[in-house]
Amino acid sequence: MLDETIITETPPLYNCYGRRGAQVRVPITGSRAKRVVHGAINIYTGDVLVLITEVWDGQTHQHFLQMIRSHWRGWRIVLFEDRGSPHLAEDTQVLAIELNLEVRLLPIATPKLNAMDHLWRHVKGRALANRATESIDKSADNACQHILQMSSHQRLQAAGVLSGSFWLTS
């Protein structure tokens, strides 16, 4: 499973503590800096691969496909991904064939089918939520480190693969 997520300088705010009756201050820089974190998870082993970029376009996606092939060298790889424009680009599809990557596009508007999407939601809620952003690069790195420090079992669990109702289980 492959998916990307955008890390922004304004982290998700789910809850916050403050003095009773006093307005809680949430620092917002006004900056629109962002990082794109690309991720792929092996739904059998829980192994992951991540990449941080400043943009999400055909070139960065193609670079990530090359990383996937290099990381899982010798494996028969079937990638499930959404229908984002970098995924659908003709150059990307040609490269996937050259790299012997079989690509399966998920139906439109079905993030629940993508295990990597569930893992991103978990990471954003645990590693980034309710914390002031020191720097956009540090936040993106924290997200990646959080995933990499999880055990394979924890990753599969957070991704919903072990739920018993995961759509690819036989």
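A contact here means heavy atoms within 4.5 Å. In the protein, 69% of the contacts with a separation of 6 or more join residues 24 or more positions apart. This is a predicted model, in which local features need pLDDT of at least 70, side-chain atom pairs count only at pLDDT 80 or more, and totals for chains, interfaces and linings use all residues. Residues are numbered from 1 along each chain as its sequence is written, and side-chain values use heavy atoms, with hydrogens and water left out.

**Fold**
- The protein has 6 helices and 5 strands, where helices (H or I, at least four residues) and strands (E, at least two) are DSSP runs numbered from the N terminus.
- Along the sequence the order is β-β-β-α-β-α-α-β-α-α-α.

- Strand β1 (residues 2-8) and β2 run antiparallel, joined by 7 bridges; strands count as paired if DSSP finds at least two bridges between them.
- Ile7 stands opposite Arg35 in β2.
- Strand β3 (residues 48-53) is also antiparallel to β2, over 6 bridges, and Leu49 in β3 is the bridge partner of Ala40.
- The hairpin of β2 and β3 has 6 residues between the strands, and Gly46 takes a positive phi near 85° there.

**Burial**
- Of the 170 residues in the protein, 39% are buried, meaning under 20% relative accessible area with a 1.4 Å probe, protein chains only.
- Strand β2 (residues 34-41) is mostly covered, with 7 of its 8 residues buried.

**Dimensions**
- The C-alpha atoms of the protein fill a box of roughly 60 × 35 × 30 Å along the principal axes.

How values were computed
Buried means under 20% relative accessible area, exposed over 50%, partly exposed in between (1.4 Å probe, protein chains only).
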